[in-house]
Amino acid sequence: MEKDRIVEQIKDIVLYKTGKTIDEVSPQAKYEASSIMIMDDIKEDWAKTTKKNKDRRNAYYFSAEFLIGRSFGNNILNYGLNHEAEGVAEELGISLSALEEMEEDPALGNGGLGRLAACFMESAATENLPLQGYGVRYSQGLFKQYFNQGFQMEEGDDWTALGDPWSLRKQAETKIVNFKDQKVLAVPYDTPVIGYRNKNINTLRLWQAEAINGFDFSKFNNSLYDDSMSTKNRAEDITRVLYPNDSQKAGKILRLKQQYFFVSASIQDIVSKYKQHFPLDIKFKDFSKYHIFQLNDTHPVMAIPELMRLLLDENFLSWEEAWKITKKVFAFTNHTILQEAMEKWSEDIVETVNPRCFEIIKEIDRRFIAELKESKYTNEKIEELRIVSKGTVRMANLAIRTSIKVNGVAELHTEILKKDTLKDWYELYPSKFLNKTNGITPRRWLVYSNKELSNYITELLGSDDWILDLSKLKELEKYLDDETVLKRINEIKYNNKVRLAKYIKENEGVDIDPNSIFDIQVKRLHEYKRQLLNALHIVYLYNKIKSNPEIDIVPRTFIFGGKAAPGYFRAKSIIKFINEIAKLVNNDPIVSKKIKVVFVENFRVSYGEKIYPAADVSEQISTAGKEASGTGNMKFMLNGALTLGTYDGANIEIFKEAGEDSNFVFGATVEELKEIESTYDPEQLYLNDEVIKETVDILKSDIINDNGSYMFLEIYNSLIANKNEKPDAYFVLKDFHSYVKAHEKIDKEYRDSLSWARKSLKNIANAGKFSSDRTIKEYANEIWDI
Ligand code: 26V
């Protein structure tokens, strides 16, 4: 029997690794051995896929972040071991979920961009597409978050402290990366990306920096202990830590080194494999037939000069020959329109990282300008488009100039890029621009994390084909008026809420009621995402309940989760504010009967897996035009939550697919905001509107306490009396009443539980578009040609 074979194999690994029998070892050891068993099981299929892909055109996803989440449960599911898994765990004397909880959740990404990369890798493997991931193996993932008196605190994330059973160190394929002031080793670690039930296994290769001659014995023998370690430390520093996506990020030299490090190693790797495979093609004539590199934002853009450098200096191609190839093999994705996130590096930093690449960038710029001048471009336009200007290198410009295609990540976002942010570029290269609306993998975000709903869908549709073709969910619409089905939808949601409530009780120490509406906002903290609007609405409700304790409202639990970048003061203030509101609300004997507030600590992929299935309401309330796409919105929708959202990013496409009447749309549109932008006066709004005034004034009251940090006054000033920047730049007060109304509608509609379930089912049935299988096939067909 398959189960017995697996159990025996795991026991064997335990014995080999620990010298003990299964009943003597820790849960951690059982988890590790089970993971090794899976790695052993898949090895032939992995090798086969690698071999098959050698002869084909491949796409390479270059990304500084791959937020892959836990591997154990997902690999069991995708490799088809899930029917045995419970039984195997039982034989090992542990539950499957306890085994799963042993795994560290690697946080090798900040948020949306990194998680998207992980969903793409999974979908490509599932769709049999040859897509390889290349990135950085950070020793420290994104910081772990906890709260002390409601303030965010950070601690390191040493995610490999107990080992990393999911990667193989490929020492023999080590590369050397040259910086102006140091040379380091790049050691690759390969992680399998297992397609869903198709035995196709692609590779995610992450590079780790190490010293070439790590340890100086002569210094050590001379008692210069610290000195003897310094080369080693300086090398390892390069991949030590994932940078938090900071709004006021400085142009940190180590960050550019990190970027150059991984793209240099990756390009070297790919070029050297090409030369092995086609030793006769010394002019690289066929290189562009076999390779296409997708640049995930500007972070990997140094790959462009690096490829040029390798072709010119190490393979002796002429500039024209090298450029012709380089111009064919890159494509670029933009993920944000926020100006501060567009990477610009000062010339001296680029020069210190790698002087030769800097020289190449300047030459690319020089030739580009000459071309523009020839086409009679005005100096003003040329200035906009230049790659090197005013002492800085603009990475987006370098990427767009070189790439075959440039894409945004949702329809609205791409339109804004074309009409506004990248207007001049769109004029110059209209055919380069296209949209690729983001997606999420249904395996992790439904089949794995919401088993009950997933099984029910299979039961209703009579087959599990929908897992590989999410558009099939549309067939669920035939049950929209079936009371038995609607009741079962509600029952499943309730069960998921019970599970989450239990988890929150254990982890946050707060009691929440599964019969209340679970109204959830989980995402990175940022002003444009407007967690502050959500918080102010809770204050408004608090005031209302205080003045009328008998008020008839459906009990609501507001759940928040998300990290603020450690240097983003205002985002941290908002966390403190929400935690203080939670304390106020939850400790009030009357108010807490109607509403509760919880900010969960350390929101991450594995927390998301428990949260999305339990949501009734999905808060997607960014200022219109600011959220490029969002992907959390899709996870909620697929799990049957109704979206409370603005016309922003992919929300618009969600409303279009599922219907506005199955969701709650509010707030000003991009066009409306543009119209009022120059005359918007939040202070007048505040002075003339009693409700807004009373709500916002809590920030200056002693009802809540910021422990002398002045954080709440700072938030107040940011809305009303900002001296240095525009007050209320994200239109929180402007959208306040519209948001309150939408919440009132939720309160009203939730009372009709069948009608609510119908809307929930409508969302599930129309979530097909948001499968990353759809997205990745569009990339494959319209950009990569694989
Ligand atoms: C910027 C920086 C700047 C400096 C240091 C590190 C760092 C890391 C990441 C970033 C940019 C983050 C951009 C991002 O995550 N954008 C999100 O991408 C999602 C996937 O396309 C999209 O759904 C979200 O709307 C968008 O905010």
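**Hairpins, a helix pair and a ligand**

Author: Start with a hairpin. In this predicted model, strand 3 and strand 4 form a hairpin with two residues between the strands. Q149 there takes a positive phi near 55 degrees.

Reader: How many bridges pair strand 3 with strand 4?

Author: Strand 3 covers residues 144–148, and strand 4 covers residues 151–155. They pair in the antiparallel sense. K144 stands opposite E155 in strand 4. The number of bridges is five.

Reader: Which residue in strand 7 is the bridge partner of V177?

Author: Strand 6 (residues 175–178) and strand 7 (residues 183–194) run antiparallel, joined by four bridges. A hairpin of four residues links strand 6 to strand 7. The bridge partner of V177 is V184.

Reader: Is helix 1 parallel or oblique to helix 4?

Author: Take helix 1 (residues 2–18) and helix 4 (residues 82–91). Their axes come within 9 Å and cross at roughly 45 degrees. An angle under 35 degrees would count as roughly parallel, and 65 to 115 as roughly perpendicular. So helix 1 is oblique to helix 4.

Reader: How many residues of the contact of helix 1 with helix 4 are charged?

Author: E2, K3, I6 and V7 in helix 1 meet E84, G87, V88 and E91 in helix 4. Of the contact residues, three are nonpolar and one is polar. The charged ones number four.

Reader: How many residues of the shell around the ligand are polar?

Author: There are 21 residues around the ligand, and G112, L113, N245, H335 and S629 come nearest. Six of the shell are nonpolar and four are charged. The polar ones number eleven.

How values were computed. Residues are numbered from 1 along each chain as its sequence is written. This is a predicted model: local features need pLDDT of at least 70, side-chain atom pairs count only at pLDDT 80 or more; totals for chains, interfaces and linings use all residues. A residue is near a molecule or strand if its C-beta atom, placed from the backbone, lies within 6 Å of it. Ala, Val, Leu, Ile, Met, Phe, Trp, Tyr, Cys and Pro count as nonpolar, Asp, Glu, Lys and Arg as charged, and the others, Gly among them, as polar. Two strands pair if DSSP finds at least two bridges between them. Axes are lines fitted to C-alpha atoms, for helices over the stretch in contact, and angles run from 0 to 180 degrees between N-to-C directions. Angles under 35 degrees count as roughly parallel, over 145 as roughly antiparallel, 65 to 115 as roughly perpendicular and the rest as oblique. Two residues are in contact if their C-beta atoms, placed from the backbone, lie within 7 Å.
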